[in-house]
Amino acid sequence: MSAATTAPRTSARTAAGWAAVSYALLFVLAIFANFIALDQVLDPGDAPATAAALVEHETSMRLGAAAFLAIFLLDVVIAWALLVLLRAVQPDLALLAAWFRLTYTVLLGASMVALFVALELVETPGAADSSVPLALQSFDFLWVVGLSAFGVHLVLVGLLLLRATGAPRPLAWLLVLAGAAYATDTVVHLVLSDYEAYADLMLAIVAVPSVVAELWFTVWLALVATGRRAAPTARRHAHEERVLQPS
């Protein structure tokens, strides 16, 4: 027997557990980093106000940057865990989904350079007020570009669940919808010069399906990890079922 066949492999349930715990942590960190740390500072229409707010809330922003760093690391874990969990369904598609999530993760990590620049600018005497919001907007937009890859990842995960046994089909379709919403939002950012006028609408379009889908996905992963739901495997086609049935 070769070493390849005897080497230990992570089980699907273990991978589901890693993914569920990572997703749960990611939700808490993302809420703090995006909606508490970043949103209280960034005002796209008022550069001096953004710079002043960053000075006032610098400690909160630095904690938010640390939260983004943790998200960056957790996304690597999730990409690996979902590959292990879903490779039994269709290995090449599961690998592609992992690559798209890692692409998003790399862009999130790269965007943190702009966040660091913004934090350093407020410590630099004579730095122009306009430089601070420009750095923050660069961080935000590079992250948004990465979210287009994240959207494709969700679509692929949804398609894998549609092809799997034991996975809720409504969850699979909701993941596809959430992924399409993320990708659409990136395109709208690029196409519309007055995106801010539609920002609240786009936030609702993206947030509603994505929050519901990813929370439901987290719960399902936890159920798989604890053995209350079966790990996903490839769904047999009708002609395969007929071949396997005794005559």
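**Confidence, pocket and a buried alanine**

Modeller: In this predicted model, pLDDT stays under 50 over residues 238-247, and that stretch has three contacts beyond four places in sequence.

Colleague: Why should the coordinates of such a stretch be read with caution?

Modeller: Where pLDDT is low, the predicted coordinates should not be read in detail. Helix 9 (residues 238-244) has the lowest mean pLDDT among the elements, 43, whereas helix 7 (residues 169-191) has the highest, 95. The protein as a whole averages 86, and 85% of the residues score at least 70.

Colleague: Why is Ala135 called buried?

Modeller: Buried requires a relative accessible area under 20%. Ala135 has 8% and therefore qualifies as buried. Ala135 is found in helix 6.

Colleague: What does Ala135 touch, leaving aside residues up to four places away in sequence?

Modeller: Its contacts are Ala114, Val117, Ala118 and Leu121. Val113 is 22 residues from Ala135 in sequence, and their C-alpha atoms are 9.0 Å apart.

Colleague: How much space lies in the largest pocket?

Modeller: The largest pocket holds about 1300 Å³. Its lining comprises 41 residues, of which Asn34, Phe35, Asp140, Trp143 and Leu203 are the closest to the centre. Helix 8 supplies the largest share of the lining, 10 residues.

Colleague: What makes up the lining of the largest pocket by class?

Modeller: There are 27 nonpolar, five polar and nine charged residues in that lining.

Methods:
Residues are numbered from 1 along each chain as its sequence is written. This is a predicted model: local features need pLDDT of at least 70, side-chain atom pairs count only at pLDDT 80 or more; totals for chains, interfaces and linings use all residues. Side-chain values use heavy atoms; hydrogens and water are left out. pLDDT is the predictor's confidence in each residue, from 0 to 100. Helices (H or I, at least four residues) and strands (E, at least two) are DSSP runs, numbered from the N terminus. Contact means heavy atoms within 4.5 Å. On a 1 Å grid over the protein atoms alone, a cavity is a set of points where a 1.4 Å probe fits but cannot get out, and a pocket is an open set with protein on both sides within 12 Å along at least five of seven lines; lining residues have an atom within 4 Å of a point. Grid points are joined across faces, edges and corners, and a volume is the space filled by probe spheres set on the points. Ala, Val, Leu, Ile, Met, Phe, Trp, Tyr, Cys and Pro count as nonpolar, Asp, Glu, Lys and Arg as charged, and the others, Gly among them, as polar. Buried means under 20% relative accessible area, exposed over 50%, partly exposed in between (1.4 Å probe, protein chains only).
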